[in-house]
Amino acid sequence: MTLTVHQFPCLSDNYGFLVRDEATGKTACIDTPDAAAILRELEDLGWDLDLILNTHWHPDHAGGNLDIKAITGCTIVGPAEVTRIAPLDREVAGGDTVQLGETTFQVIESGGHTMGHIAFFDAADRIAFVGDTLFALGCGRLFEGTPEQMWDSLQRLAALPDETRVYCAHEYTASNARFALSVDDGDAVKARAADIFAARERGEWTVPTTIGLEKATNPFLRAPALAGRVGAAGEPDARAFAAVRSAKDSFQG
Ligand code: ZN
Ligand code: FE
């Protein structure tokens, strides 16, 4: 089982992802930030689209569903909340699996940014598509869910193998790094922030990241260790996470 990932920037700071199961040529699109850009990439690659996999209902993730289905006839799979903006062919939730040729995606419940947010994990290739749940040095804003829900979601992702490549839906890493430095003065985060600023200067992408790198440096995953820095010393882990999240929400970096 080999999954090829084709990544490309679109909209202002989203990434689009087209994935292909090499054994069968079956192709999927992870979220649909920009229908025209995705259709262009498919044409350039000579790939026929079989499936759309949605992580959540936000328009920069599901807004291209209808236009892409109209042209490709693909099947749309996602969490029930996507039906707020477009119909689904199949609703999935945490614990389900989705097949793309010989590649199996496990659906991981990852609510918090939105209530019904899900992630897709290909265990054979150690590849995860996490939408707006986990970012490089960051995490999604809590538009709908509670800090406890988001903390649980992040813990489910942190439990994946360290070498898992994590495909986040946005390039937010430089601003995330500025915030990370404000709550964590450890050497690991300093070194990573320096790498990130240099990479962005060169115009390079910082996605994908890995679970191991995020566990070592992401201030949201490290919230319990940073609790004292955000006024949450001695609080339960989810409260420490909530304090880091609200510090980021008001951070002027
Ligand atoms: Zn979103
Ligand atoms: Fe988004």
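Which residues does F105 touch, not counting residues up to four places away in sequence?

## Basis of the report

This is a predicted model, in which local features need pLDDT of at least 70 and side-chain atom pairs count only at pLDDT 80 or more, whereas totals for chains, interfaces and linings use all residues. Residues are numbered from 1 along each chain as its sequence is written, chains are lettered from A and ligands numbered from 1 in the order in which they are written, and side-chain values use heavy atoms, with hydrogens and water left out.

## Nonpolar cores

Beyond four places in sequence, F105 touches L3, V19, L53, D96, T97, V98, L100, F120, F121, D122 and F129 (contact means heavy atoms within 4.5 Å). F105 is, with L53, V98 and F129, among the members that touch the most others in the largest nonpolar core, which has 51 residues. Apart from that core lies another of 18 residues, including I38, L42, L49 and I76.

A nonpolar core is a set of buried Ala, Val, Leu, Ile, Met, Phe, Trp, Tyr and Cys residues joined through side-chain atoms within 4.5 Å. Buried means under 20% relative accessible area, exposed over 50%, and partly exposed in between, with a 1.4 Å probe and protein chains only.

## The metal site

The iron ion (ligand 2) is coordinated by D60 (OD), H61 (NE2), D132 (OD) and H170 (NE2) at 2.1 to 2.3 Å. Donors are N, O and S atoms within 2.8 Å of the metal (3.2 Å for Na, K and Ca); water is not among the atoms, so sites may look incomplete. The iron ion (ligand 2) lies 3.2 Å from the zinc ion (ligand 1), and D132 coordinates both. Because H61 lies in helix α2 (residues 59-62) and D132 in the loop between β10 (127-131) and β11 (134-135), the pair ties together parts that are 71 residues apart in sequence. Helices (H or I, at least four residues) and strands (E, at least two) are DSSP runs, numbered from the N terminus.

H61 counts as buried at 0% relative accessibility, and D132 counts as buried at 4%.

T209 is placed in strand β14 (residues 209-210) and is buried at 3% relative accessibility. A polar contact of 2.5 Å joins its side chain to that of E214; such a contact is a pair of N or O atoms within 3.5 Å, and within protein one must be able to donate a hydrogen and the other to accept it, while residues adjacent in sequence count only if both atoms are side-chain atoms.

V207 and P208 are joined by a cis peptide bond with omega of about 5°. L137, although not a glycine, has a positive phi of about 60°, and is buried at 0% relative accessibility.
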